[in-house]
Amino acid sequence: MNERVAIIGVGVMAARPSSEHLSFKEMMFEAAQKAYADAGIDAHEVESFVTCAEDLTEGISIFDEYTPDQLGAVQKPMHTLTQDGLYGIADAVMQLRSGLVGLVVVEAHSKHSNLENPNSILNYALDPVYNRPLDFNPHVIAGLEMNGFLHATGITQAQCAQVVAKNRTHALKNIAAAYPMNLRAEDVQSSPYLCYPLRDAEMAKSADGCVVVVLAGASRAQPSKSRPVWIRGVGFTNDSPTLESRDWIDAQYIRAAAAMAYGQAGIKDPVAEIDLFEVDDAYAYKELQHLVALGIYPQAVAAGRAVENGESGAAGKMPVNVSGGSLGIGHTLEASGLYRLAEIVCQLRGEAGPRQLPRAKVGLAQSWRGVPTTSGAVVILGR
Amino acid sequence: MTHRTIKPAPNIVQGTPLDAKALKRGKIFLNSYAPALRYTWDTGEAMGRYLAELKNGRLIARSCRKCERVMIPPRMFCERCFRPTDDWVYVKATGTVNTFSLCYVSWDVRRLKQPEIPAVIEIDGASPGMGILHLVRKVAPKDVRIGMRVAAVWKPPAQRTGSITDIAYWMPINRRSQRTVSAK
Amino acid sequence: MTKFMRRALETPKELAWLAAKAALDSAEMKLDQIDGAVLGSAPDAFDGMHMKGEYLADGCGGWRKPYLRCYVGGGTGVYAVAQGWFQVASGLFDTALVVCEEKMSTCQPHPQAAFISIFDPFTEQPLKPNLLWIFALEQNRYMQTHHITLEEIARVSVKNKRNALGHPSAQLGAEITVKDVLASEVMAWPVHRLMVSPTSDGAAAVVLAAGDVARRLTSKPVWIQGVGWCLDTAYWTNRDLYYPEYVEKAAWMAYRMAGVKEPRREINIAEPYDPFAYKELHHLEGLQLAPKGQAPKLLADGVFDRDGDLPVTPSGGLLGVGNPIAAAGTMKICELFWQLRGEAGRRQVPGKPERGVAQAWGDLMQVGTVVVVGTSEPKH
């Protein structure tokens, strides 16, 4: 049994609004080559592979058919999760801990630019009987939730706009980001409403990209052989899938996933024990809602104040989304969580260049699968 | 803690089958929805070149210098050696039937009087066993054989679009080389 | 398990719930004793949902629990149990509820049409392939290589549909003859209608527990001794389809873990995947339970009958019970559970079997998934 599991290699493709020059297979091949080189391994050594993908965002049914060749996984154990990439990390940790295998690769990617009508696909995710016939823009779900969240917590629209300004400004220092911009909160607030109170500019734009991660048990992850970043805890949870019965204020799925991960990591006081956070910001308010669910603020309203006074900025005492987040990097479907994880690995290794934080010993990555889901994961990494 | 026994296999299972009569009676409400799903897949390098060459009336493969295979359909990576492939190689538009079927049902489950003849065709010039999926025509279904030699029949250049269907179908080239069991 | 049906009244979520509840009831457990839930479900195209794993979450008992959906195409139903196994074996969970569901009838006018989207969008979809093509191509290659006859293959349909007569969930149990199979219409030569499993709606579920927990819950646990899975290249037209190497690799992964060295002697009962009649024979060879090309002969000799030396598919299989894709694989695990506990009623095989193997298969003739279960606790 591999009690301890480490990430020993990461391969990241720069997120971009489109990627016509590469098929999804070629994109995965390039990211895999980067990851294996980073880990100092040969593809043939890998014992198990996990891909995170949904058929309908690939446009191919039973998508796992098309995953093995470009990762070096032919005639190897390989399966697909229809989940965010951080679930893939949790899956790999469980495989390794079970003692079944010693070296696992996790992959997720986005070819969002190939979707001609993404809102129709999202609409297809709504309950076919209760919700779909109402024929509303599925992003309305975020508007409904944001309204409830602001109302219940006292967080303001201006503070949500500040999240966008912070993250897109952070992205200026990240060459992997598709949407860097030197923005001010006022600029965001002049953007039109998508669905009140959510503004256009507060929704992360989509991007293409791919991340491949190599994980190993302790025996293979010695510092002499690689630059291991240890997985201290993983958690994943769903709240209710129905719009009619979910908690619209508190992100219960993250509260439970965080409890699971904190428990494994032995973390009692996340603020004191975790140096940096990469959390889901598919919509600006979500960053604040997720931080609250992670137990960072005793009172939710403090999450709004923290972004306002710069505490959650790169130079603040508790940096959040120094990578640029999904608002800055772009939302990359199921790869979104892995971009956040890659940032933490980079920071913990001290390889973040212009974004490098002075103190980066323990980091937390968190994901959410977007509307209409209540599906989220948390991974805690340490040096 | 007492030992409990898991209940034996059930003789009655749940679930309510619907039959055509129940549906007709109108007692059951149904919701219909036709999803609007449209995709434009990036072809990338390997498939982009493959399709471009089909438009030119040629089949092209990729070779790996390490395992010395010539691969069709082409890919930019060798899945066995896990390294980039090296060279573009034109292969012939002739080949051998590796396996075939006589299919009396269309993709959307309409009954066909004359069967379609899908086949895996091993391509001349590619490594042994390197086949592609396509259709054989201009042959009586009873005469199709595994091992039969076939040639591509191309659409006229003006009708080609850079698609696998730029080859209209494959047809037998040398009846004498046919061997082994008949289709039926 | 639910019934397997051509078209069910229940929604996908309700089917999942019925199966999950039946599994919990059989273990006399409540949902709050379950630490995590695993869903297996194959292509999204059928249930008429994007992100159907999310939609099904509460039906699978995943509400406010660690929950995820895994899949490997048609291999999902057996794979999901392997997924549940390593989740529990990781020590992060004491118990797991594994639910597999498929509602194919949602896809109208015929579910089979949805299969066109499994093919490569560049090299295959423009040819308008029917799913039957690939099976017919593989069956033809298998028959040609070993000189197997259609009569030999038809016997699988006869055996499995007969076995299904004793299964309360069965959709297509029947007493038929080889002649009936060969007289049924040709779908895609060499495949006849009675060699094809139906499209179905249904769900099946199992409860997994860590060793110490299992011993507290029941005096007769069935142990997962080995799990294995293997995915072959997507370039299926570059492979020789006569033999499923990926099934062999998956089987040895599971056998090694289970300490099985001579499968033919150490496996007492087999539930190989039989969506098409020839697949059962093909898979028995991949599972090392028959030499290459010899499965048809062993079948003809009665070895695979319910009272034969190696009972194969006593459940009735996909050909007899039905084929709600992922649920069909889990149905095979359920069958082994009942058989090894001596609770299979009319379907019970004689001789107190101690170890069984279930296998599923899927994608573009590409993935093998294998679970070995037995009455004795494994040492891993």
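Where pLDDT is low, the predicted coordinates should not be read in detail. Chain B as a whole has a mean pLDDT of 90, and 91% of its residues reach 70 or more. This is a predicted model, in which local features need pLDDT of at least 70 and side-chain atom pairs count only at pLDDT 80 or more, whereas totals for chains, interfaces and linings use all residues. Residues are numbered from 1 along each chain as its sequence is written, while chains are lettered from A and ligands numbered from 1 in the order in which they are written.

**Contact between chains B and C**

- The interface between these chains brings 53 residues of chain B into contact with 59 residues of chain C.
- On the chain B side, two or more residues each come from α2 (44-55), β6 (94-100), β7 (102-105), β9 (118-123) and β10 (131-135); helices (H or I, at least four residues) and strands (E, at least two) are DSSP runs numbered from the N terminus.
- Strand β10(B) provides the largest share of this side, with five residues.
- The side of chain B that touches chain C has 32 nonpolar, 16 polar and five charged residues, where Ala, Val, Leu, Ile, Met, Phe, Trp, Tyr, Cys and Pro count as nonpolar, Asp, Glu, Lys and Arg as charged, and the others, Gly among them, as polar.

**A sheet with strands from chains B and C**

- Four strands form an open sheet in the order β8(B)-β7(B)-β4(C)-β5(C), with antiparallel pairing; two strands pair if DSSP finds at least two bridges between them.
- The edge strands, each pairing on one side only, are β8 (111-116) of chain B and β5 (191-192) of chain C.
- Helix α5 (residues 131-146) of chain C packs on the sheet, where it touches β7 of chain B together with β4 and β5 of chain C, and its direction makes about 60° with that of β4(C), with axes taken as lines fitted to C-alpha atoms, for helices over the stretch in contact, and angles running from 0 to 180 degrees between N-to-C directions.
- Between the chains, β7(B) pairs in the antiparallel sense with β4 (residues 186-189) of chain C over two bridges, and B:C103 has C:A188 as its bridge partner in β4(C).
- Within chain C, two bridges join the antiparallel strands β4(C) and β5(C), and C:A188 has C:V191 as its bridge partner in β5(C).

**Contact between chains A and C**

- Here 50 residues of chain C are in contact with 46 residues of chain A.
- On the chain C side, β2(C) gives the largest share, five residues, and the residues of this side divide into 29 nonpolar, 11 polar and 10 charged.
- The same strand β2(C) pairs in the antiparallel sense with β3 (residues 78-81) of chain A over two bridges, with A:L81 standing opposite C:C70.

**Domains of chain A**

- Chain A is divided into domain 1 (5-116 + 208-229) and domain 2 (136-202 + 232-382), with bounds that come from an automatic or database domain assignment.
- The C-alpha centres of the two domains of chain A lie 23 Å apart, and 29 residues of domain 1 are in contact with 28 residues of domain 2.
- The elements β1 (5-12), α3 (85-97), β4 (103-110) and β7 (209-217) of chain A each supply at least two residues of the domain 1 side, to which α3(A) gives the most, six residues.
- By class, this side of domain 1 of chain A has 18 nonpolar, seven polar and four charged residues.

**Strand β7 of chain A**

- Nine of the nine residues of β7(A) are buried, so the strand is largely enclosed by the rest of the structure; a residue is buried if 20 or more other C-beta atoms lie within 10 Å of its own, exposed if 12 or fewer, and partly exposed in between, with C-beta atoms placed from the backbone.
- Strand β7(A) runs antiparallel to β1(A), to which seven bridges join it, and also pairs in the antiparallel sense with β4(A) over eight bridges.
- A:V214 stands opposite A:G9 and is also the bridge partner of A:V105.

Notes: Two residues are in contact if their C-beta atoms, placed from the backbone, lie within 7 Å. pLDDT is the predictor's confidence in each residue, from 0 to 100.
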